[in-house]
Amino acid sequence: MSQSQSPATSPLLDLLPEHRTGVLATLKKDGRPQLSNVSFTYDAPTRTIRISATDDRAKTRNLRRDPRASFYVSTPDLGAYLVAEGDAELSPVAADPSDATVAELIEVYRAIQGEHPDWDEYRAAMVADRRLVIRLRADRAYGWGRTQGGTSGPLA
């Protein structure tokens, strides 16, 4: 296996669709990183990581101020990891049980957890919690794995 590969062809990218939890890193006002353990879903064709979050969280406030973010995922044995970087986009806050944000939150939930026992209850909770979707399109990536080798660069 090559020691260094293009991120676009690296098997390390497979870590994103294979896992459901990772770490989102955003930037605080003072420039230091703020890290959040999150559940996520990944769409490989668009290279987009989607995360459900509430409007009042530090990660959400940080991304409104500075959209730059990094996302870390690793194997349980820490034998491989990938960091995806890009600018995050925030959906509107859920305002009505039938709005587009709630529909997208349902897509995110289904991709991570499967079916919910009561979708009407879920829809109402998304509005009450003031939830939104963080979308992070991976533009760059770096990482390393025992069997995969290393990678670093743009995802073109």
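Q: Which exposed residues sit on the face of helix 4 turned away from its buried side?
A: Asp120 and Ala128 are the exposed residues carried on that face of helix 4. Keep in mind that this is a predicted model.

Q: OK, and which residues of helix 4 are buried?
A: Helix 4 covers residues 119–128, and its buried residues are Trp119, Tyr122 and Met126.

Q: Why do those line one face of the helix?
A: Looking down the axis of helix 4, the buried residues fall within an arc of 55°, so they line one face. As a general point, an α-helix has 3.6 residues a turn, so residues three or four places apart point the same way.

Q: What do the buried residues of helix 4 pack against?
A: They pack against helix 3, residues 100–113, and against strand 8.

Q: What's going on at the start of helix 4?
A: A side-chain oxygen of Asp118 comes to within 3.1 Å of the backbone nitrogen of Asp120 there.

Q: And what follows helix 4?
A: Arg130 does, and its phi is positive, near 55°.

Q: Let's switch to helix 2. Which of its residues are buried?
A: Helix 2 spans residues 58–65, and the buried ones are Lys59, Thr60, Asn62 and Leu63. Down the helix axis these fall within an arc of 165°, so they too line one face of helix 2.

Q: What covers them?
A: The cover for the buried residues of helix 2 includes strand 2 (21–27), strand 3 (33–39), strand 5, strand 6 (68–74), strand 7 (80–90) and strand 8 (131–137).

Q: You mentioned strand 5. Where does Thr48 lie?
A: Thr48 lies in strand 5, which runs over residues 48–54.

Q: Is Thr48 buried or exposed?
A: Buried: the relative accessible area of Thr48 is 14%, and a residue counts as buried when that value is under 20%.

Q: What does Thr48 touch, leaving out residues up to four places away in sequence?
A: Thr48 touches Thr41, Tyr42 and Asp43, plus Arg135, Leu136 and Arg137.

Q: Which side chain does Thr48 join in a polar contact?
A: That of Thr46: the two side chains are joined by a polar contact of 3.0 Å.

Q: New topic: where is Gln148?
A: Gln148 is in the loop between strand 9 (140–145) and strand 10 (149–154).

Q: Buried or exposed, that Gln148?
A: Gln148 is buried, with a relative accessible area of 15%. The side chain of Gln148 also makes a polar contact of 3.3 Å with the side chain of Thr147.

Q: How far apart are Gln148 and Leu12, in sequence and in space?
A: They're 136 residues apart in sequence and 6.5 Å apart in space, going C-alpha to C-alpha.

Q: Zooming out, how many helices and strands are in the protein chain?
A: Four helices and 10 strands. Reading from the N terminus, the order is β-α-β-β-β-β-α-β-β-α-α-β-β-β.

Q: Why call the chain as compact as a globular protein of that length?
A: The radius of gyration is 16 Å, close to the 15 Å the globule rule gives for 156 residues, so the chain is as compact as a globular protein of that length. The C-alpha atoms fill a box of roughly 50 × 40 × 30 Å along the principal axes.

Q: What share of the residues is buried?
A: Buried residues make up 47% of the 156 in the chain.

Q: How about contacts across the sequence, and the surface?
A: Of the contacts between residues at least 6 apart in sequence, 66% join residues at least 24 apart. The accessible surface is about 8,200 Å², with 50% of that belonging to carbon and sulfur atoms.

Terms used:
Residues are numbered from 1 along each chain as its sequence is written. This is a predicted model: local features need pLDDT of at least 70, side-chain atom pairs count only at pLDDT 80 or more; totals for chains, interfaces and linings use all residues. Side-chain values use heavy atoms; hydrogens and water are left out. Helices (H or I, at least four residues) and strands (E, at least two) are DSSP runs, numbered from the N terminus. Buried means under 20% relative accessible area, exposed over 50%, partly exposed in between (1.4 Å probe, protein chains only). A polar contact is a pair of N or O atoms within 3.5 Å; within protein, one must be able to donate a hydrogen and the other to accept it, and residues adjacent in sequence count only if both atoms are side-chain atoms. Contact means heavy atoms within 4.5 Å. The arc is that of the directions from the helix axis to the C-beta atoms. The radius of gyration is taken over C-alpha atoms; the globule rule is 2.2 Å times the number of residues to the power 0.38. Accessible areas come from the Shrake-Rupley method with a 1.4 Å probe; for residues, only the protein chains shown count as cover.
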